Amino acid sequence: MDERLPLTLGTLARAVDGRLCAGEPSVVVRGLSIDSRSLNAGDLFVAIQGDRFDGHTFVADALARGAMGALVSDETALGPSPAVGLVVGDTLRALQMASRYVRRASGATVVAITGSAGKTTTKELTAAALTSSYKVFRSYGNLNNHIGLPLSLLELRARPEIAVVEFGMNAPGEISRLITLAEPELRVWTNVAEVHSAFFPSIEAIADAKAEILDGATAETVVVANADDARVMARLAGVPARVATFGVGGDADVTATEVEERGLDGTRALVRTPVGQARVTTPLVGRGNLANVLAAMTVAIQLRVPLAAAAERVARVEAPPGRGQIHRLSNGVVVVDDSYNANPTAVNTAVLTLARDRREGRRVAVLGEMLELGRRATPLHVETGRVVAAAGVGLLVTVGGEPARALGQAAIEAGLGSEDVLHCEDSESAATRLGPLVRAGDLVLVKGSRGVRTETVVARLVEEWT
């Protein structure tokens, strides 16, 4: 028996304010897809119009690949005799309206997570903590924007009890829009940091945009907030929601004490909560990830998951590729693959974690340029260069443009030998030049913004020494 939420063409047409120009209203839609290359046979293709593409040009390809029909704003794209055609004024808006319909009809409780760093890891930890008590859906990868979130919400046709999703943004108003789609009962705000500074005049403006996670909150809403982040806490004043806080060693509802940082082996801590305490060991590296663990456990407590079960589940979560994954190579080199993305706070924390590891061996940092920092780019890179020198890094490889070069120069001025600093214009060059320089026992951190593609360096090291 199919337990999925049924969605007929007629229901979909009403949900998106569309006109069914071909097809029977009683026909059930298997799924919605915006990519003709990856759709499943029987899906309805949604012709999204983006800045660099127009899905209407792929309607014929989608039909040839087995789509049941298409949702379009240009009826001529359907061809002369479509089996199924649904016409709307705006296909993106229709996708969003369809996702909100499914979200409401599914009956799921939605947990939404935002923050400048740690969203995806917190999502994975939260989903893990909840699985001992609930049927849980978590959004795939980082589908967290005005297109990705609707695609995630459409998956709620599977009728999970809990859905854990994340909200990203790089402009004011974006999280507000996501709130109206997901209508989350629980909202998690991890932190505020210098991310996307090119689009904001100050870090306070970034915090204000992130604070849209609080929009529309009521007395029934639960907000899980980082008590260690003053900008987060300042924006909770006057919010009518029920607030539950987490923090490392501070004054919060869920706190971590007796913290033992074990470098690349993760962290141990005693977690104290309103419902008791539990010892947690996580393989995730650094205090930032410990905060993510606390956020997940706070959500679990709010949803009445037994504390011991939540602690046991979060302890199993390992870092995914690009987010602190550890590679132990055959030549004795240990590589920390944190290449997925970067911001100044996260990079500085990662460098200090590398320094605190108790293993012997040289510390090597491969740091890609941190993008989207605007006018603050150079001074923020300079600050990171000083952190690198103070952390005792033995070899620094910078990758990218002038801000990355400034990072290396700042490290030299702060005491790192010029012979131990190497600048490369791109990650391919860095991967080629780093290989002969790495030696047995090295601990290598690789981190950079997505656009710099520092994962290339990780791939080359793993390929050469596996």
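**Cores, helix packing and selected residues**

Of the 58 residues in the largest nonpolar core, those that touch the most other members are L12, V16, L32, L149, F167 and I213. Here a nonpolar core is a set of buried Ala, Val, Leu, Ile, Met, Phe, Trp, Tyr and Cys residues joined through side-chain atoms within 4.5 Å. Buried means under 20% relative accessible area, exposed means over 50%, and partly exposed lies in between (1.4 Å probe, protein chains only). Helix α3 (residues 91–106) supplies the largest share of this core, six residues. Helices (H or I, at least four residues) and strands (E, at least two) are DSSP runs, numbered from the N terminus.

The model is a predicted one, in which local features need pLDDT of at least 70 and side-chain atom pairs count only at pLDDT 80 or more, while totals for chains, interfaces and linings use all residues. Residues are numbered from 1 along each chain as its sequence is written, and side-chain values use heavy atoms, with hydrogens and water left out.

Not counting residues up to four places away in sequence, L32 touches L7, L44, V46, L95, A98 and L154, where contact means heavy atoms within 4.5 Å. A second, separate core has 40 residues, among them A127, V299, I301 and A311. In soluble globular proteins, nonpolar side chains tend to be buried together.

Helix α7 (residues 203–210) is mostly covered, with six of its eight residues buried. These are I203, A205, I206, A207, A209 and K210. The cover over them includes β6 (109–114), α4 (119–130), α6 (174–182), β9 (186–189) and α8 (230–234).

Another pair of helices can be followed side by side. Helix α11 (residues 344–356) packs against helix α12 (residues 377–390) at an angle of about 10 degrees, and their axes are 10 Å apart. Axes are lines fitted to C-alpha atoms, for helices over the stretch in contact, and angles run from 0 to 180 degrees between N-to-C directions. The two helices, α11 and α12, are therefore roughly parallel to each other, given that angles under 35 degrees count as roughly parallel, over 145 as roughly antiparallel, 65 to 115 as roughly perpendicular and the rest as oblique. On the α11 side the contact is made by P344, V347, N348, V351 and L352, and on the α12 side by L380, E383, T384, V387 and V388. These contact residues divide into seven nonpolar, two polar and one charged; Ala, Val, Leu, Ile, Met, Phe, Trp, Tyr, Cys and Pro count as nonpolar, Asp, Glu, Lys and Arg as charged, and the others, Gly among them, as polar.

T384, in helix α12, is buried, with a relative accessible area of 1%. Leaving out residues up to four places away in sequence, T384 touches P344, V347, N348, L367, M370 and L407. S339, in the loop between β16 (334–338) and α11, counts as buried at 2% relative accessibility. Apart from neighbours within four places in sequence, S339 is in contact with G322, V446, K447, G448, R450, T454 and E455.

E183, in the loop between α6 and β9, has a phi near 45 degrees, a positive value in a residue other than glycine. E372, in the loop between β17 (363–368) and α12, has a positive phi of about 60 degrees although it is not a glycine. E183 counts as partly exposed at 29% relative accessibility, and E372 is partly exposed with a relative accessible area of 36%.
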